[in-house]
Amino acid sequence: MPIVLYRVDDRLIHGQVVVGWGTHLDVDYIAVVDDALAPSEWEQELYRAGLSARMEGRFVTVQEARHRLAEWKGSPVRGILLTRDLETMLRLAEGGILDSEDVNLGGLHEAPGRRRVLSYLFLGDADRRTLAALARAGVKVSARDVPGARRVALRELLEGS
Amino acid sequence: MVLRSLAVQGSWNYRTLLGGGFAFSLLPVLRRRYRGEPEALRAAVGRHAEYFNAHPYLAPVALGAVAHVELAGADPAVVSRLKAGLVSPLGTLGDRLMWARWRPLCALVAIGSFFAGLPWWAAVALFLGTYNALHFGLRLWGMRLGWLEGLNVGRALGRSVVRRVPDRLTLPLVASAAAVLPLLAVALVRGFELPPPLVLGAAVAAAGLRWPTWVGRAATGVIVGSGLLGTLLGAAQ
C-alpha cells in the first residue's frame, strides 16, 4: 500500500489533497509528476509551502516517475501521486504500468472547449479520448473530490452530458 | 497597494474568485510598467483579472511578489505560473492561522474578559483590536515579504513564522475554550451576573492546561464539572 492515491487535479497540491486526502490516508509524501515543475526550483518551493510540516514533496518528470514507480510501490512509506492533467497520467500509464490501479479525478476546471460534468470536473473531447485510452491501459478511473464525497465511476461520467 | 488590497474580494465571483480585485490592487504597478503603452496595459490588466485565489489577508504576499517580477520585466507566462503556485499555500496558511486559530482565540479572550469584569464595550474593543492587529500586520508583512523575495517567495513562505504560529496557538485556544465555554453555558442559563470565584476557577483551569499532568487535568475536570453543575442548578431554578 505505498502509493495510496493516484490523482488528477489541476491545482496540484492544495487543501483538499493535503488536509482532505493526506490526513484521511495518513500520507508521508506527495509526488508531483510534472515535466514543467521538475526542473523549476522556485515553483517547487511554492507548492512545498502548502504541505503540512510532516509531509514531504517530491517533484519528478514522467520519465523519472516511470523508473521509480516500482520502488515507491514496494516501500512502506505512504504517498499520493499527483498529475495536473489526464495526458500526464496517460503517459505515466503507458505500457500497462498502472494496470488495475485506481485513479481519482479530483479537479479539472473550466477551460475553452470543456463542458461541466461535475462541479469540480469539466471535460472536453480530447479529455474523453484520454479517459478512454486510460481505461484501455487497464486503469480504473473514477471521480471524487474529497474522501467523504460520493465516488462517481467512469461510465457514469461519460454518460452524463 | 496595501490599501487597495483591502478591496481584493470586492469583485469576488465563482469563476475568477479574487481575479478582479487582484488586477485592481496591482493597477499602480501595471501603470508603471506599461507607461505610454495603453494596449499593453489593457492586456496586462486582463491577464491579472483572470482566476486567482488566496486567503484575503495573505493576498498581499502575491501582490508584492507579482509587483516585483512585473517591474523586473518578467515574461507573462512566468508571472501566471507564480500566481498559480501561490494559490495553495496562501489559502492553507491563511485559513489555519486566521479562521481556525486567531479569530476564535480573540473571541474567547474577549468573552472571558467580559466575565472577568470588563465592561461590554471594552470587551468588544478588545476583540476588534487584537483581531485586526494581526490582520493588518499580516497584510503589511505579506506585502513586504512578497516584494523583497519575488520569485523566491515560496522558500521564504516555507520558512516563515506564519507556517509555525498556528501550532503554537493551539494550546492557548484549547485553554481559553476550556475556561470560557462553561462560563458561557452558565451565563446563558443563569443570567450574566457570574460569581467571581467561578470566573477565577475557570482562569486557573485554563492555566492548568499548560501542564499536561494530573494537575491540569484535574483543574479542567473541576471547571467543566462546575460548569455543568451551574447549568443544572440554573435549569432547576
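1. In this predicted model, the axes of helix H5 (residues 76-115) of chain B and helix H8 (residues 161-190) of chain B come within 8 Å and cross at roughly 35°. Axes here are lines fitted to C-alpha atoms, for helices over the stretch in contact, and angles run from 0 to 180 degrees between N-to-C directions; helices (H or I, at least four residues) and strands (E, at least two) are DSSP runs numbered from the N terminus. The crossing of H5(B) with H8(B) is left-handed, a term that applies if the near helix is turned anticlockwise from the far one by less than a right angle, with right-handed used if it is turned clockwise. The residues of this contact of H5(B) with H8(B) comprise 21 nonpolar, two polar and three charged, where Ala, Val, Leu, Ile, Met, Phe, Trp, Tyr, Cys and Pro count as nonpolar, Asp, Glu, Lys and Arg as charged, and the others, Gly among them, as polar.

2. Helix H2 (residues 19-33) of chain B packs with H4(B) at an angle of about 20°, the axes being 10 Å apart, and H2(B) is therefore roughly parallel to H4(B); angles under 35 degrees count as roughly parallel, over 145 as roughly antiparallel, 65 to 115 as roughly perpendicular and the rest as oblique. The crossing of H2(B) and H4(B) is right-handed. From H2(B) the contact draws on residues including Phe22(B), Leu26(B) and Arg33(B), and from H4(B) on residues including Leu63(B), Val66(B) and Glu70(B), two residues being in contact if their C-beta atoms, placed from the backbone, lie within 7 Å. Nine nonpolar, one polar and three charged residues make up the contact of H2(B) with H4(B).

3. In chain A, helix H4 (residues 86-93) and helix H5 (residues 125-136) pack at about 25° with their axes 10 Å apart, so H4(A) and H5(A) are roughly parallel to each other, and their crossing is left-handed. Among the contact residues are Leu86(A), Met89(A) and Leu90(A) of H4(A), along with Asp127(A), Leu131(A) and Leu134(A) of H5(A). By class, the contact of H4(A) with H5(A) has seven nonpolar, one polar and two charged residues.

4. Chain B is divided into domain 1 (1-159) and domain 2 (167-237), with bounds that come from an automatic or database domain assignment. Domain 1 of chain B gives 10 residues to the contact and domain 2 of chain B gives 11; the side of domain 1 that touches domain 2 has eight nonpolar residues, one polar and one charged.

5. Between the chains, 14 residues of chain B are in contact with 13 residues of chain A. On the side of chain B that touches chain A, H5(B) supplies the largest share, eight residues, and the classes there are five nonpolar, seven polar and two charged.

6. On confidence, the model scores ipTM 0.82 and pTM 0.83. Chain A averages a pLDDT (the predictor's confidence in each residue, from 0 to 100) of 93, with 98% of the residues at 70 or above, whereas chain B averages 86, with 82% scoring at least 70. In chain B the lowest mean, 63, belongs to helix H10 (residues 214-236), and the highest, 97, to helix H4 (residues 59-71).

7. As for conventions, residues are numbered from 1 along each chain as its sequence is written, while chains are lettered from A and ligands numbered from 1 in the order in which they are written. Since the model is predicted, local features need pLDDT of at least 70 and side-chain atom pairs count only at pLDDT 80 or more, whereas totals for chains, interfaces and linings use all residues.
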